[in-house]
Amino acid sequence: MTRANLFQLGTGLETGAHAEDTHGIRAADTLFDDPTASCNLLDPARDDHFIRRDGVVFAGTHLIIEVENGHGLDEEARIQDAFRDCVTACGATLLHIHTHKFSPQGVSGVAVLAESHISVHTWPEIGYGAFDVFMCGDADPWKAVGVLKRAFATDKVHVKELRRGEGMVRDIVAA
């Protein structure tokens with residue numbers, strides 16, 4: 001891979017992302033430092049961006065969104081616009097978009113967000129798009145569903161929700 005290709009993928013960009021691992025310790029290593037523990041405690045004073053809903057604490061909401069009978073799933077610009085519209089509707093923060101158009105058809109892409117990511121792989125020859133929308137914090141990934149319906153002119157959208165990290169962490173309860 002050439003240096004130009006690495007730059008295009010985001011390596012070497014001054015985004016600050018590389019600074020997170022400068023000491024050989026990743027954020028995930030410090031949060032889940034005991035893999036045998038059934039539950040790790042979160043400090044309520046720390047701004048961790050975990051979601052607290054219905055008495056449950058989890059890292060984020062991950063939607064598996066399948067677009068059926070979609071139109072324009074071979075159009076890179078349309079997919080990039082859909083990513084941007086999803087980010088705006090969900091209240092997320094866009095850091096970077098990268099897409100790739102395949103020959104003879106199909107597009108894969110990712111929108112990297114401060115809150116996590118949106119990704120897609122398309123099979124336009126059958127009208128199918130496989131989207132992942134994963135967000136933590138205050139962003140609302142469910143708002144992406146309507147955006148994708150409109151962007152690809154279909155009402156046939158199937159959604160599965162995963163609560164990432166559910167059961168792995170809990171808040172420290174003050175005594």
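**Burial of S119**

In this predicted model, S119 is buried, its relative accessible area being 14%; this places S119 under the 20% cut-off for burial. The residue belongs to strand 7, which covers residues 116–123.

Beyond neighbours within four places in sequence, the contacts of S119 are F83, G109, V110, A130, F131 and D132. From the side of F131, the contact with S119 is one of several: F131 also touches L63, I64, I65, V67, F83, V120, L148 and F152, with residues up to four places away in sequence not counted.

Six strands form an open sheet in the order 5-6-7-8-4-9, with antiparallel pairing. Strand 5 (94–101) and strand 9 (157–164) each have a single partner strand, so one side of each lacks a neighbour in the sheet. On average, neighbouring strands are turned by 10 degrees against each other, direction ignored.

Strand 7 and strand 8 run antiparallel and are joined by eight bridges. W123 has Y128, in strand 8, as its bridge partner.

**Helices on the sheet**

Helix 3 lies across strands 5, 6, 7 and 8, at about 155 degrees to strand 5. Helix 4 also packs on the sheet, where it touches strand 4, strand 8 and strand 9, and its direction makes about 20 degrees with that of strand 4.

**Nonpolar core**

The largest nonpolar core holds 28 residues, and I65, F83, I118, F131, M135, L148 and F152 have the most contacts inside it. Two or more residues come from each of strand 4 (60–67), helix 3 (76–90), strand 6 (107–113), strand 7, strand 8 (128–135) and helix 4 (143–151). Helix 3 gives the most, with six residues.

Note on methods: Residues numbered from 1 in each chain as written. Predicted model: local features only at pLDDT ≥ 70, side-chain atom pairs only at ≥ 80, totals over all residues. Heavy atoms only, no water. Helix = DSSP H or I, 4+ residues; strand = E, 2+ residues; numbered from the N terminus. Buried < 20%, exposed > 50% of the residue type's maximum accessible area, 1.4 Å probe, protein only. Contact = heavy atoms within 4.5 Å. Core = buried A, V, L, I, M, F, W, Y, C linked by side-chain atoms within 4.5 Å. Pairing = 2+ DSSP bridges. Axes fitted to C-alpha atoms, helices over the stretch in contact; angles between N-to-C directions.
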